[in-house]
Amino acid sequence: MQILNSYATPYHPVAERYDAMEYRSLGRSGLKMPALSLGFWHNFGDDKPLQVQRDIMRTAFDHGITHWDLANNYGPPAGSAESNVGLIFAQDFKHLRDELLITSKAGFALRPGPYGAWGSKKYLVHSLDQTLLKLGIDYVDIYYHHLDDPDTPIEETAEALALAVTSGKALYVGVSNYPADRLREMAAALAQWRIPLRAYQGPYSMFDREIEESVLPTAADLGVGTIAYSPLQQGLLTDRYLDGTVPADSRAARGKFLHEKALSSAYYERATALQGIAERRGQTLAQLALTWVLRDPAVSSAIIGASSVEQLRSNLAALAADLSDDEVAAIEPYAVHGTGARTW
């Protein structure tokens with residue numbers, strides 16, 4: 001475990017932190033989400049210096065990013081992101097708890113054995129208790145079931161989510177990576193407990209458009225807010241690979257969530273064309289990708305990761321731009337679902 005320097009300069013957020021951020025309603029709820037949220041999937045484990053993590057979190061909040069998106073298995077190693085965020089929260093953000101949306105998820109494998117994954121009441125209740133302990137908080141703002149469980153009855157998973165609300169350990173509940181039919185089933189199951197399903201979180205980018213077909217319309221019909229993750233398609237919608245090389249420290253080089261096979265000729269053709277559109281607009285490819293995802297008012301927020309303050313600031317610039325109908329049409333031939341998808 002890393003140790004945070006307690007003698008660092010005390011954090012005092014800037015007074016104008018809310019001025020430039022857009023806040024969107026989360027479905028049919030009173031909760032407002034920042035258009036961009038800070039995700040903790042890759043860059044807040046024990047392999048990253050705590051001071052870098054702290055600088056990113058401070059910069060994000062200074063620019064109105066009030067939403068921290070976590071999960072019980074984020075790291076590496078699994079679980080370390082929540083522990084590290086808890087350390088930084090205690091020193092820098094504890095007095096700002098009422099201004100923060102801190103969310104977490106459970107469902108993917110966290111530990112070996114039959115009670116370390118999926119959607120049982122035992123797993124979800126215990127996981128939330130551990131999350132609150134690591135983060136050093138009394139409640140999360142949204143507690144998600146992280147993936148659809150084909151074996152656990154959805155009524156049991158709904159009961160666990162409802163218990164999180166009725167016990168005061170979560171204010172809202174949501175699901176992630178659910179297909180449209182199961183999204184509707186979960187909403188109905190939660191309704192038996194008089195608990196509304198408030199949030200859906202899923203992948204959405206110019207190269208991953210699956211949720212457009214049925215999930216987005218279903219969520220809108222149910223009054224569920226949609227939060228997009230991986231809007232940069234694991235880095236494919238950046239300039240990182242456009243010169244034809246694979247940096248040694250890149251996700252494609254590591255091969256866990258992105259493989260070099262994704263860097264096909266079709267990918268280079270489409271990404272290069274999109275890069276040209278971005279340059280004509282005075283944007284980077286990453287900024288264009290974020291602006292594109294946020295073009296849809298059904299998207300309450302897009303989650304961005306950041307390995308540095310500089311990268312975070314660059315992504316924030318996407319908020320200053322809009323897309324015209326003509327520009328959306330020009331992007332359409334190159335925003336092809338399945339580009340860069342896993343092929344192994």
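Biologist: Is R295 buried, partly exposed or exposed?

Modeller: R295 is partly exposed, with a relative accessible area of 30%, where buried means under 20% relative accessible area, exposed over 50%, and partly exposed in between, using a 1.4 Å probe and protein chains only. This is a predicted model, in which local features need pLDDT of at least 70 and side-chain atom pairs count only at pLDDT 80 or more, while totals for chains, interfaces and linings use all residues. Residues are numbered from 1 along each chain as its sequence is written, and side-chain values use heavy atoms, with hydrogens and water left out.

Biologist: Which residue does R295 meet in a salt bridge?

Modeller: R295 pairs with E212, at 3.3 Å from N to O; a salt bridge here is a side-chain nitrogen of Lys or Arg within 4 Å of a carboxyl oxygen of Asp or Glu. The two residues are 83 residues apart, with R295 in the loop between α9 (285–293) and β10 (299–304) and E212 in the loop between β8 (197–203) and α6 (215–222). Helices (H or I, at least four residues) and strands (E, at least two) are DSSP runs, numbered from the N terminus. E212 is also partly exposed, at 25%, and a network of salt bridges links R209, E212, R295 and E332.

Biologist: How many salt bridges are there in the whole structure?

Modeller: A search of the whole structure finds 15, and one of them joins R54 to D92 at 2.8 Å, N to O. R54 lies in helix α1 (residues 50–62) and D92 in helix α2, so this pair ties together parts that are 38 residues apart in sequence.

Biologist: And are those two buried or exposed?

Modeller: R54 is buried at 1% relative accessibility, and D92 is buried as well, at 2%.

Biologist: Changing topic, which peptide bonds are cis?

Modeller: Among them are the bond from G75 to P76, with omega near 10°, and the bond from P76 to P77, with omega near -10°. P76 lies in the loop between β4 (67–69) and α2 (80–93), and P77 lies in the loop between β4 and α2 too.

Biologist: What about phi at N177?

Modeller: N177 has a positive phi of about 65° although it is not a glycine, whereas most residues other than glycine have a negative phi. N177 sits in the loop between β7 (170–176) and α5 (180–191), and at 24% relative accessibility N177 counts as partly exposed.
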